[in-house]
Amino acid sequence: MSVEAIFVIVSFTAPKEIGANPQSMLWLLPLAAAIAVVYKATKLPTITVRNFIKEAAILFGSIVVFIIITALALYTLAWLITE
Amino acid sequence: MARRSKENQALFMLIVGLLAWLVPGAGHFALKEKKRSIIIFATIVLTFCVGLYVGSIGVIDLVGATPWYVALAQIMNSPMVALLGRLTTGGAYPVYGWPNEIGQIYTSTAGLLNLLCIVNAVYLAHLRSAETAGG
């Protein structure tokens, strides 16, 4: 087994250091992208590269926008309660 | 004759569902939906691997995990995940805190996406069988 392969395998045996900070919220982006891609792969009647990328990008954008709106609404609610 | 056709249809749907569960995208591949199967396989495996990369293979815990996580990540995902879980029994790969959370969210989402694809593959198999039976 090559050194590179061993390095890749070993990287899966120890957790990464991720702090509980605002930047860690960015981990939702790849997840939203995965959900958009798989959902569109199951829903589109025919798959062409351009149409698929367009549809998945629209769904990804919709998910992110909805999350941002929800976050702003919750932030406003928390601000109204605590102020 | 009609009964036999119905039995074949049920068997076909069962095989497609089983294939889709064993390997993500294999159900669609069996239905000759190659583009879909490649996209599904790549995305689900990548999502699962990101979860393992962030949280380590310690996130696949057959003993100490909560029931929702066992259901989503270890039953909905391919049974190969359960085999992987046997490696981590006994707490050999401890993981806590934020990496554990992110790892569990990613691996369980991969399980949910796999469930979506299983249902979709079985539905497509049902439609194909109905079309064939209808002439």
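Predicted model: local features only at pLDDT ≥ 70, side-chain atom pairs only at ≥ 80, totals over all residues.
Residues are numbered from 1 along each chain as its sequence is written, and chains are lettered from A and ligands numbered from 1 in the order in which they are written.

Chain B contains 6 helices and 0 strands, arranged along the sequence as α-α-α-α-α-α. Helices (H or I, at least four residues) and strands (E, at least two) are DSSP runs, numbered from the N terminus. Along the principal axes, the C-alpha atoms of chain B fill a box of roughly 55 × 25 × 20 Å. Of the 135 residues in chain B, 44% are buried. A residue is termed buried if 20 or more other C-beta atoms lie within 10 Å of its own, exposed if 12 or fewer do, and partly exposed in between, with C-beta atoms placed from the backbone. Among the contacts in chain B with a separation of 6 or more, 75% join residues 24 or more positions apart; a contact requires C-beta atoms, placed from the backbone, within 7 Å.

The contact between the chains takes 27 residues from chain B and 20 residues from chain A. On the chain B side, helix H3 (34–55) and helix H6 (97–134) each supply at least two residues, and the largest share, 12 residues, comes from H3(B). By class, this side of chain B has 18 nonpolar, 7 polar and 2 charged residues. Ala, Val, Leu, Ile, Met, Phe, Trp, Tyr, Cys and Pro count as nonpolar, Asp, Glu, Lys and Arg as charged, and the others, Gly among them, as polar.

B:Ser56 lies in the loop between H3 and helix H4 (67–75) of chain B. B:Ser56 is classed as buried because 22 other C-beta atoms lie within 10 Å. Leaving aside neighbours within four places in sequence, B:Ser56 is in contact with A:Phe12, A:Thr13, A:Ala14 and A:Pro15, and also with B:Tyr93 and B:Val95. B:Ser56 and B:Gly103 are 47 residues apart in sequence, with a C-alpha to C-alpha distance of 7.5 Å.

In helix H5 (residues 79–88) of chain B, B:Val81, B:Gly85 and B:Thr88 are buried. They cover an arc of only 55 degrees around the axis, and therefore lie on the same side of H5(B); the arc is that of the directions from the helix axis to the C-beta atoms. On the other side of H5(B), B:Pro79, B:Met80, B:Leu83 and B:Arg86 are exposed.

Conventions. Contact = placed C-beta atoms within 7 Å.
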